[in-house]
Amino acid sequence: MSTAGLEVLVSKNITKQYSSGQIAVDQVSLVIKKDECLGIVGESGSGKSTLARCLLALEKVDQGEIWFKNKALHTASKEDLRSIRRGVQAVFQNPAASLNPKLKIIDSLMEPLDFQKIIQPAFLIGTRHQREKTAEHLLEMVELPSKYLTCYPHELSGGEKQRVTIARAISIEPSLIILDEPTASLDVSVQAKILNLLKDLQQHLGVSYLFISHDLAAVNFMSDRIMVMKQGQIVDQFSKYDLFSVKRNPYTKELLHVFEG
Ligand code: ADP
Ligand code: MG
């Protein structure tokens, strides 16, 4: 099996069981198409983060297939993974944990570019200016001032740190960004700003998103299609316009009640 041109990522019946015996992801199949945002919603413990880690090849699946474009992730070698990682980036819940506290913002921002050797390392004469310009442009994309380049993460607020991880994710122009609860650790007043930024960036860059959250309102705002996860399984899926349809699974309706308050 391989993915057609419009399909960025495909998973087929993937299953992940932890050594504790817990089946965190149970036969999950999904397709993420070019330029779309697929949303995954489910309560805490439903397996969303495990699924994200499997799709990022940070966790090995026990069964099933994962295809990123025409490359098989489930059987990829380390070298294959390096090139696949150029196409898939991630933003996680806790930006403080995603940023090395000892690195200046510029060096955190440039990690993927450095890893992929897209820009020569800073210590090579003649490239420092180019490196700064690139980092400055990335900060501009997430509406942060260039003076932050020389700051350390602890000098930034939670929302600002998350903007940095978003800038880092877009730096190598990935085809797909997996966003696992990107606003869950932030103040409510900051959450909407980050969601709006993510939405604007997606339109501007033409990147696909997998947007994961326990918050149905956030998932509905961001996504074109939504999948509902419960106990490791996909129990409902629909286009965002069908969220309020009578056909929805009872579990989705329960989530909807929480959403509507
Ligand atoms: P979610 O992101 O939806 O909250 P998780 O994927 O984090 O769900 O967790 C799904 C289930 O797997 C939970 O029951 C959780 O306790 C279990 N789990 C998560 N990570 C591990 C792990 N590293 N080892 C064992 N069990 C885990
Ligand atoms: Mg999670």
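**Exercise 1.** In which sense do strand S4 (residues 63-68) and S5 pair, and over how many bridges?

*Solution.* A friendly reminder before we start: this is a predicted model.

Step 1. Recall the background: strands of a sheet pair through backbone hydrogen bonds, either parallel or antiparallel.

Step 2. Look at the two strands: S4 and S5 are joined by two bridges and pair in the antiparallel sense. To find one of these spots, go to Phe68, whose bridge partner in S5 is Lys71.

Step 3. Now widen the view. S4 and S5 belong to an open sheet of four strands, ordered S2-S1-S4-S5, with antiparallel pairing. Strand S2 (23-33) and strand S5 (71-72) are the edge strands, each pairing on one side only.

Step 4. Find the helix that packs on this sheet: helix H1 (residues 48-55) touches strand S1 (7-17), S2 and S4. The direction of H1 makes about 120 degrees with that of S1.

**Exercise 2.** Describe the sheet of six strands, and explain why S6 and strand S10 (233-239) each have one side without a neighbour in the sheet.

*Solution.* Step 1. Write down the order: S6-S7-S8-S3-S9-S10, an open sheet with mixed pairing.

Step 1. Go to the ends of that order. S6 and S10 stand at the edges and each has a single partner strand, so one side of each is left without a neighbour in the sheet.

Step 2. Check the twist, which averages 20 degrees from one strand to the next.

Step 3. S6 and strand S7 (residues 176-180) are parallel, with four bridges, and Ala90 stands opposite Ile178 in S7. Strand S9 (residues 225-230) and S10 run antiparallel and are joined by six bridges; here Met227 stands opposite Gln237 in S10.

Step 4. Follow the chain from S9 to S10: the two form a hairpin with two residues between them. In the turn, Gln231 has a positive phi of about 45 degrees.

**Exercise 3.** Which elements give two or more residues to the lining of the largest pocket?

*Solution.* Step 1. Start with the idea: rolling a probe the size of a water molecule over the atoms shows where empty space is left.

Step 1. Note the volume, about 480 Å³ for the largest pocket. Of its 23 lining residues, Arg85, Val88, Gln89, Ala90 and Pro112 are the closest to the centre.

Step 2. Name the elements: helix H2 (78-85), strand S6 (88-91), helix H5 (111-115) and helix H7 (158-170).

Step 3. Sort the lining by class: 15 nonpolar, five polar and three charged residues.

**Exercise 4.** Which helix gives the most to the lining of the second largest pocket?

*Solution.* Step 1. Locate the pocket, which has a volume of about 220 Å³. Its lining includes Thr134, His137, Leu138 and Met141, and also Ile170 and Leu205.

Step 1. Helix H6 (residues 128-141) gives the most, with four residues.

Step 2. By class, this lining has six nonpolar, three polar and one charged residues.

**Exercise 5.** Why does the radius of gyration of the chain agree with that of a compact globule?

*Solution.* Step 1. For 261 residues, a compact globule would have a radius of gyration near 18 Å.

Step 1. The chain has 19 Å, which agrees.

Step 2. To complete the picture, the C-alpha atoms fill a box of roughly 60 × 45 × 35 Å along the principal axes, and the chain has ten helices and ten strands.

Key: Residues numbered from 1 in each chain as written. Chains lettered and ligands numbered in written order. Predicted model: local features only at pLDDT ≥ 70, side-chain atom pairs only at ≥ 80, totals over all residues. Heavy atoms only, no water. 1 Å grid on protein atoms, 1.4 Å probe; cavity = no way out; pocket = protein on both sides within 12 Å on 5 of 7 lines; lining within 4 Å. Points joined across faces, edges and corners; volume = space filled by probe spheres on them. Nonpolar A, V, L, I, M, F, W, Y, C, P; charged D, E, K, R; others polar. Pairing = 2+ DSSP bridges. Contact = heavy atoms within 4.5 Å. Axes fitted to C-alpha atoms, helices over the stretch in contact; angles between N-to-C directions. Rg over C-alpha atoms; globule rule 2.2 N^0.38 Å.
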